[in-house]
Amino acid sequence: MGTDHLTDDSSVARAIASSRPEAEPYPVAPQFTTRNSQFPRLSQHGFTLIELLVVISLISILAAMAVVQYRNSIQRTQEAVLKSNLVRMRDAIDQYYADKGKYPASLDALVSEQYLRRIPDDPFTKTSDSWQTVPAEPDPGNPSAEPGIYDVKSGAQGQALDGTNFADW
């Protein structure tokens, strides 16, 4: 009855499977063996010495740059405090002269007359005794009068970051 052209389902499945190419397995990583070892090395873990040295050198360079920036920031802060202290003391000397008509005999006179609460510390020498005072010109009308203090400067040795001497401020 015309059943020769019909085949069962299993023969169709075999025909389709045979027409497909066989699937290749996933590639396997080659296994390495060391010279003096009989055990295969399946994979490489960790970093090489060169990689570690490069990372350590980069970290060292960055740390050195951070230390330099830190030290410069400390010096800039001390310079700002020194300038502020000089401005405050010079203003007090000017106010004393405006009120009394003469310059103070010492920096302690500014404290005792309450123009300053206390003599500030020099941020570089860490003491209030290192200030260098500049005497005023003697009064030609009264040569016997003590001239007093006209200006004050830092007694710190060294230079600022801009190259000027602290004693010249």
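Reply: This is a predicted model. Of the 169 residues of the protein, 19% count as buried. The protein has three helices and four strands, in the order α-β-β-α-α-β-β along the sequence.

Five aromatic pairs turn up in a search of the whole structure. One of them is formed by Tyr 96 and Tyr 115: the ring centres are 5.3 Å apart and the planes stand at 65°, an angle over 60 degrees, so the pair counts as edge-to-face. This pair links distant parts of the chain, 19 residues apart, with Tyr 96 in helix α2 (residues 49-100) and Tyr 115 in the loop between α3 (107-112) and β3 (132-135). Both Tyr 96 and Tyr 115 are buried.

Another pair is Tyr 103 and Tyr 150. Here the centres lie 5.6 Å apart with the planes at 80°, so this pair is edge-to-face. Tyr 103 is in the loop between α2 and α3, whereas Tyr 150 belongs to strand β4 (residues 149-153); the two are 47 residues apart and link distant parts of the chain. Tyr 103 has a relative accessible area of 19%, which is under 20%, so it counts as buried. Tyr 150, at 48%, is partly exposed, because its value falls between 20% and 50%. Together with Tyr 97, Tyr 103 and Tyr 150 form one aromatic cluster.

Terms used:
Residues are numbered from 1 along each chain as its sequence is written. This is a predicted model: local features need pLDDT of at least 70, side-chain atom pairs count only at pLDDT 80 or more; totals for chains, interfaces and linings use all residues. Side-chain values use heavy atoms; hydrogens and water are left out. Buried means under 20% relative accessible area, exposed over 50%, partly exposed in between (1.4 Å probe, protein chains only). Rings of Phe, Tyr and Trp (its six-membered ring) pair if their centres lie within 6.5 Å; planes under 30 degrees apart count as stacked, over 60 as edge-to-face and the rest as tilted.
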